[in-house]
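The tour goes stop by stop: select, look, move on.

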Amino acid sequence: MAAGPVRTGAAGIAAALLLVAGMSSAAVPSHFGIVMGNGLLCRDQTSNRYYFDYMVRFFGQPYKRDGGAYWFRTPQAKLWGYDVKEVIVSDETYAYRFVGAVSDTTPDKLEAAIAKQDGVRYAKIDRSAFPVRETRAGGRIVYFDRRSKIFCAKFKPLPPALR
């Protein structure tokens, strides 16, 4: 049985490019909340390579590299009931491994939604007008302009030669 005509030349390349372009704008995977939510709450091992590969697979290449991180746009993604505008994943130049997300809500509302859904509690660790919130596992929520940035950061392990 033939699967259909094989396209060659410019038409085949154009069709392949459309297919690849469509992959990056596909629906948010059903496991996004589990994978990214657990990573942001520091429930999983923080491997920047794992999260980078995950984001490229489901959202396409990062749109920028800035501040020691790759930045991915995440249209239609939600965590804890709030829109997630961007996901950030550390690159190899940064001293920590981290994964983070920018959410379209205030830290107060995000903190309340996480506590209600997952039972995770945050403590305010400073007395500023815009306090940093932190969990026992090390996850943090900070103000990011008028939005929230939630992230999990961990030290990179020493290479075997330095242990």
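A residue counts as exposed when its relative accessible area is over 50%, as buried when that area is under 20%, and as partly exposed in between. Keep those cut-offs at hand; the model is a predicted one.

**Stop 1: a loop residue**

Select Ala 27. Ala 27 sits in the loop between helix 1 (9–24) and helix 2 (32–40). Its relative accessibility is 60%, so Ala 27 counts as exposed.

**Stop 2: the whole chain**

Zoom out and colour by secondary structure. The chain has four helices and nine strands. Starting at the N terminus, the order is α-α-α-β-β-β-β-β-α-β-β-β-β. Of the 163 residues, 38% count as buried. Among contacts with a separation of 6 or more, 50% come from residues 24 or more positions apart.

**Stop 3: helix 2 and what follows**

Select helix 2. Which of its residues are buried? They are Phe 32, Val 35, Met 36, Gly 37, Gly 39 and Leu 40. These buried residues pack against helix 3 (48–59), strand 3 (78–79), strand 4, strand 5 and strand 9.

Step just past helix 2 to Cys 42. Cys 42 belongs to the loop between helix 2 and helix 3. Check its backbone: phi is positive, about 60 degrees, although Cys 42 is not a glycine. Most residues other than glycine have a negative phi. Cys 42 is buried, with a relative accessible area of 8%.

Next, select Gln 76, in the loop between strand 2 and strand 3. Gln 76 is not a glycine either, and its phi is positive at about 70 degrees. Is Gln 76 buried or exposed? Gln 76 counts as exposed, because its relative accessibility is 70%.

**Stop 4: the largest pocket**

The largest pocket has a volume of about 320 Å³. Its lining has 16 residues, and the closest to the centre are Tyr 94, Tyr 96, Phe 98, Phe 151 and Ala 153. Strand 2 (69–73), strand 5 (96–103) and strand 9 (147–155) each supply at least two lining residues. Strand 9 gives the largest share, with five residues. Colour the lining by class: nine residues are nonpolar, two polar and five charged.

**Stop 5: Lys 149**

Stay on strand 9 and select Lys 149. Lys 149 is buried yet has no salt bridge. The nearest side chain of opposite charge is Glu 86, 7.7 Å away. Show what surrounds Lys 149. Leaving aside neighbours within four places in sequence, the contacts of Lys 149 are Trp 71, Ile 88, Ala 101, Val 102, Arg 140, Ile 141, Val 142 and Phe 144.

**Stop 6: the cavity**

How many cavities of 30 Å³ or more does the structure hold? There is one. The largest cavity has a volume of about 30 Å³. To find it, select its lining: Leu 79, Trp 80, Tyr 82, Val 84, Ala 101, Ser 103, Leu 110 and Ile 150. By class, the lining has seven nonpolar residues, one polar and no charged.

**Stop 7: salt bridges**

Side chains of opposite charge can pair when their charged atoms come close. The whole structure has nine salt bridges.

Start with Asp 108 and Arg 133, whose closest N and O atoms are 2.1 Å apart. Asp 108 lies in helix 4 (residues 107–118) and Arg 133 in strand 7 (residues 133–134), so this pair ties together parts 25 residues apart in sequence. Asp 108 is partly exposed, with a relative accessible area of 41%. Arg 133 counts as buried, because its relative accessibility is 1%.

Glu 111 lies in helix 4, so the pair ties together parts 22 residues apart in sequence. Glu 111 is buried, at a relative accessible area of 17%.

Move to Glu 134 and Arg 140, joined by a salt bridge of 2.7 Å, N to O. Glu 134 is partly exposed at 25% relative accessibility, and Arg 140 is partly exposed at 28%.

Finish with Lys 85, Asp 104 and Arg 147. Salt bridges with shared partners join these three residues into one network.

Notes. Residues numbered from 1 in each chain as written. Predicted model: local features only at pLDDT ≥ 70, side-chain atom pairs only at ≥ 80, totals over all residues. Heavy atoms only, no water. 1 Å grid on protein atoms, 1.4 Å probe; cavity = no way out; pocket = protein on both sides within 12 Å on 5 of 7 lines; lining within 4 Å. Points joined across faces, edges and corners; volume = space filled by probe spheres on them. Nonpolar A, V, L, I, M, F, W, Y, C, P; charged D, E, K, R; others polar. Buried < 20%, exposed > 50% of the residue type's maximum accessible area, 1.4 Å probe, protein only. Lys, Arg positive; Asp, Glu negative; His and termini not counted. Salt bridge = Lys/Arg side-chain N within 4 Å of Asp/Glu carboxyl O. Contact = heavy atoms within 4.5 Å.
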